[in-house]
Structures are given as structure tokens and as C-alpha cells.
Amino acid sequence: MIELKNITKRFGKNFVYKNFDLTLQEGEITCVCGPSGCGKSTLLNILANITGYEGTITPKYPCSYIFQQPRLVPCLTVEENLKLVCGDMSQCESMLRRVGLEDKRKAYPIELSGGQAQRVSIARAFLHPAELILMDEPFSSLDTALKIKMIELFCDLWKEQSRSAVFVTHDVEEAYMLAQRVIVLQDGQITADFCEESAIPRKYGESSSFREKILQELVKRETVSENQ
């Protein structure tokens, strides 16, 4: 369990969070949703300890970070990018087979498609010995078919290792397919917090009360944001 207590974060005179509290359960995938500017990415950066803040986080776990863009080191091959976080070459090779990229181990990032590069990014995140995986809209640049495949891949790897994960998205389908818990933010405060115990990944676009609840909360928050 990770506890955030009395978190305050501001840029100049503007508060993003003020005395913010949140508890994250071990091994759970939490989705953070809300309108632009509500503090979603800032929350990830606070958890990763890459931005300053007031308050306490206990315990402070090492993190892996998956971004919207893969952010691979361009002058290194695929396997060299993985070796940056895991010196055990046998583990790197095993992970490349796991994500279906064993034939790309000597390729450079510029030689990969967008989906292949994001698979390397996901592989890198799971190879890093981190208790917490953070994801900032990691599937938003992918088309629907590829997005579904990437979510399925992430879930397969997560089931093997059961790490805690927090991801940010604007996409109802991503939240529905992947999240066990959904938190909706507005002006640095939690306006909705609900869970769903069903197995993941869930089916893209299927009718579900959980999916409808996510959609309703996002529409509500976007409407409030537009009217402010």
C-alpha cells in the first residue's frame, strides 16, 4: 500500500494540489482521469519523485515510467535499451520473446514502427526492478487495433508480476479495459473513486455499467471544466 498524505504542489501562486490524500493498493491498476489541467500528469511526477512537493509518500517505491512516446535512446539498439535497466541479458532476451520482438533485438529505434517501439517501452518497464509502474497516456497515439493489442500485452505481463500501476488517460475505452480502480480528478481533488473486480483486460466497447459510470463521470467533469 502507498499512502500520499497532505500533498501540496504549486507552480508559482497556482496550486495543483493542496492537502491531497490518496491510498493506492498493492498490485492494483489505478486509472486517473479528468479534464486537462486537473493534475493527472503532475500526480505521476510526484509519485516518481521527479517534481518537488510538500507532504509525505510512504513507502517511496522505485518506479518504471511508460510515456505517450516510447522515449528510447536513439543511438542504442533495442537490446541495449533494455540492458540499461536490466544487466541480465538472458532476462532481456526472454522479455523480447515475450513481447514478440526477438527479431528486432539489433534494430535501432528509428527502424521500429510506433507499436514496436511502445512494446520495447513496456518491456523496459517490466524489466526494471520497480514496485510501481506509471503510465502517462501510453496508448493514445496508437490506432484502435494496436491499442487493444498493447493493452492485452500489458495485462499479460502484469498478471505474471502483479505490480502496482497508475495510468493517466482521457480515453473511456482504455480506462474500461485496463483499470481495476478509477479516480476522477477536478481542480486537484478527487471527485469520484470507484472499483470493479472483473478480470482484465475487458472487451473494447462492450456494454457495461462500469464503462457507463466512467463515461458519465468524464462527461460531467469536462462539462464543469468548460463552464468555469
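**Ring pairs and a helix crossing**

There are 5 aromatic pairs in this structure, which is a predicted model. One of them joins Tyr 176 and Phe 210, with ring centres 6.2 Å apart. The other topic here is how helix α3 meets helix α4, whose axes come within 10 Å.

**The Tyr 176–Phe 210 pair**

- The two ring planes sit at 50 degrees, so this pair goes down as tilted; to be edge-to-face, the planes would have to be over 60 degrees apart.
- Tyr 176 belongs to helix α6 (residues 172-178) and Phe 210 to helix α7 (residues 209-227), so the pair ties together parts 34 residues apart in sequence.
- Are these two residues buried or exposed? Tyr 176 has a relative accessible area of 3%, so it's buried, and Phe 210 is buried too, at 5% relative accessibility.
- The ring pairing also takes in Phe 194: Tyr 176, Phe 194 and Phe 210 are linked into a cluster by ring pairs.

**Where α3 meets α4**

- Helix α3 covers residues 89-98 and helix α4 residues 114-127, and their axes cross at roughly 140 degrees.
- Why call them oblique? Roughly antiparallel needs an angle over 145 degrees, and this crossing is at roughly 140 degrees, so α3 and α4 count as oblique to each other.
- As for handedness, the α3/α4 crossing is right-handed.
- On the α3 side, Gln 91, Cys 92 and Met 95 make the contact, while α4 brings Ala 123, Phe 126 and Leu 127.
- Sorted by class, that α3–α4 contact has 5 nonpolar residues, 1 polar residue and no charged ones.

Notes: Residues are numbered from 1 along each chain as its sequence is written. This is a predicted model: local features need pLDDT of at least 70, side-chain atom pairs count only at pLDDT 80 or more; totals for chains, interfaces and linings use all residues. Side-chain values use heavy atoms; hydrogens and water are left out. Axes are lines fitted to C-alpha atoms, for helices over the stretch in contact, and angles run from 0 to 180 degrees between N-to-C directions. Helices (H or I, at least four residues) and strands (E, at least two) are DSSP runs, numbered from the N terminus. Angles under 35 degrees count as roughly parallel, over 145 as roughly antiparallel, 65 to 115 as roughly perpendicular and the rest as oblique. A crossing is left-handed if the near helix is turned anticlockwise from the far one by less than a right angle, and right-handed if clockwise. Contact means heavy atoms within 4.5 Å. Ala, Val, Leu, Ile, Met, Phe, Trp, Tyr, Cys and Pro count as nonpolar, Asp, Glu, Lys and Arg as charged, and the others, Gly among them, as polar. Rings of Phe, Tyr and Trp (its six-membered ring) pair if their centres lie within 6.5 Å; planes under 30 degrees apart count as stacked, over 60 as edge-to-face and the rest as tilted. Buried means under 20% relative accessible area, exposed over 50%, partly exposed in between (1.4 Å probe, protein chains only).
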